[in-house]
Amino acid sequence: MAMAAASTTFFSCNQKLFLSRNVASSTKMASLFFGNRTISSIIRCAESSAQTKTPLHRSNVIEILEQRGLVDSITSPNLRSSCASQTLKVYCGFDPTAESLHLGNLLGLIVLSWFRRCGHKAVPLIGGATARIGDPSGKSLERPELDLETLEKNTIGITNTITTILNRSTPDVGDDDDDDSFMVLNNYDWWKEFKLLDFLKKVGKYARVGTMMAKESVKKRLESDQGMSYTEFTYQLLQGYDFLYLFENEGVNVQLGGSDQWGNITAGTELIRKILQTDGAYGLTFPLLLKSDGTKFGKSEDGAIWLSPALLSPYKFYQYFFSVPDSDVVRFLKILTFLDMNVIMGLEAQMKNPGYVPNTAQRRLAEEVTRFVHGQEGLDEALKATEALRPGAETKLDWKTIEGIAQDVPSCSLSYDEVLNLSLVDLSISTGLLESKSAARRLLKQGGLYLNNNRVDSEVKRIEAEDIVDGKVLLLSAGKKNKVVVLN
């Protein structure tokens, strides 16, 4: 199965994908961290913004995650001391059940990034094997089976997403040493040659059916009308063996996952303890991404909020976060950004002031998350499109700008001759922007009808050649409602 990284060479499935970062010499590190600062200032340094890419003191990673609300459970308190005394390898699994990761997967990348920023190694694991089974955690029905072509396409897609995001956010901590920052692995590499009898002998005899059935994900499914297949029942052993394999062969110490992965993670730590007769394997879960009302955060009217720009434009991604309610925005700033906590608390305090400008916190949230996922270029694209679609904006429209947002707003296609000299009232009706001429006239009188972001006051306004942007397109707006008219 092929794996691909954005702007890198394609690697075959049985290869590891390595990306490197620079690590400073101990002398430079000491100078960078200490200087004239106190230990408390070093701890605060652990929460620097993503843009500065400042190296962090690794002993604080668990404290940082807890302070930001990113820890649900850990399997052992010894994880704290291990973070302080050694460089850990930390992995988080991503099953390629879709062509792109979605917002629900973002927390895994955020937590992996915090470990990286604190000096540890990140191992995103593509579930090329486990995706053929399907994780029953949090699911009421068994996942549909994926054909091999779709699975390979999905594997390449999410590998691209992960490597692009993590490679872009690689912490810069010096120029002297070259070290591996993170590596992407695929569990199909070790499962493809694993025979059933060998699996039962090596792993099955250490698994207790009672313990497996007591897992929350299993109990819920067994109590449902659909029940659970044996295939799904074994998923926790597959994920458990992944941890055992990575611990034994790659030196991976920690597995991360959402709170619904607790059973699968502890299956791995138990296998390591029983089979290898050793401790030192840890699990950490983070809360699921939920709104304050308990509903899932990450769905829109159009479906999932994808992380790939091929499936969801940076503009729409930005707008989703910009529309977060006040009741959620501070919590999301803590868990989804790398902003200093003092900055976040400052925004929270501003929200309580009478002079607070609405959506200031939401704008900062949208900017930070969009930059992390889509880079500065993606954020610039989103900001430009946002401004271009704002009625009354002074941004000069051009065909390239409108073309970039055409897929994100309703549009219709008309010929040049159909539009030229047509009254704006009639155009508003024929494009479906407004339902009737009376509605159009009423909106005109209220000052709410715009042509290319310019307010139109006259009922007799007709479309002239200079109104057609680059001879190709028009942008109509009724209040905040937009309609792009593409000319053939």
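Mentor: Axes here are lines fitted to C-alpha atoms, for helices over the stretch in contact, with angles from 0 to 180 degrees between N-to-C directions. The model is predicted, so local features need pLDDT of at least 70 and side-chain atom pairs 80 or more, while totals for chains, interfaces and linings use all residues. Residues are numbered from 1 along each chain as its sequence is written, and side-chain values use heavy atoms, without hydrogens and water.

Trainee: How do the axes of α15 and α17 cross?

Mentor: Helices are DSSP runs (H or I, at least four residues), numbered from the N terminus. The axes of α15 (residues 326-336) and α17 (residues 360-388) come within 10 Å and cross at roughly 30 degrees.

Trainee: Which residues of α15 and α17 meet?

Mentor: Contact means heavy atoms within 4.5 Å. Among those meeting are Phe332 and Leu333 in α15, and Leu365 and Val369 in α17.

Trainee: Why is Cys92 called buried?

Mentor: Buried means under 20% relative accessible area, exposed over 50%, and partly exposed in between (1.4 Å probe, protein chains only). Cys92 has 5% relative accessibility, so Cys92 counts as buried.

Trainee: Why does Cys412 count as buried?

Mentor: Cys412 has a relative accessible area of 19%, and is therefore buried.

Trainee: How many disulfides does the structure hold?

Mentor: A disulfide is a pair of cysteine sulfur atoms within 2.5 Å. The structure holds 0.

Trainee: Which residues have the most contacts inside the largest nonpolar core?

Mentor: A nonpolar core is a set of buried Ala, Val, Leu, Ile, Met, Phe, Trp, Tyr and Cys residues joined through side-chain atoms within 4.5 Å. The largest has 65 residues, and Leu103, Leu256, Phe321 and Leu336 have the most contacts inside it.

Conventions. Helices (H or I, at least four residues) and strands (E, at least two) are DSSP runs, numbered from the N terminus.
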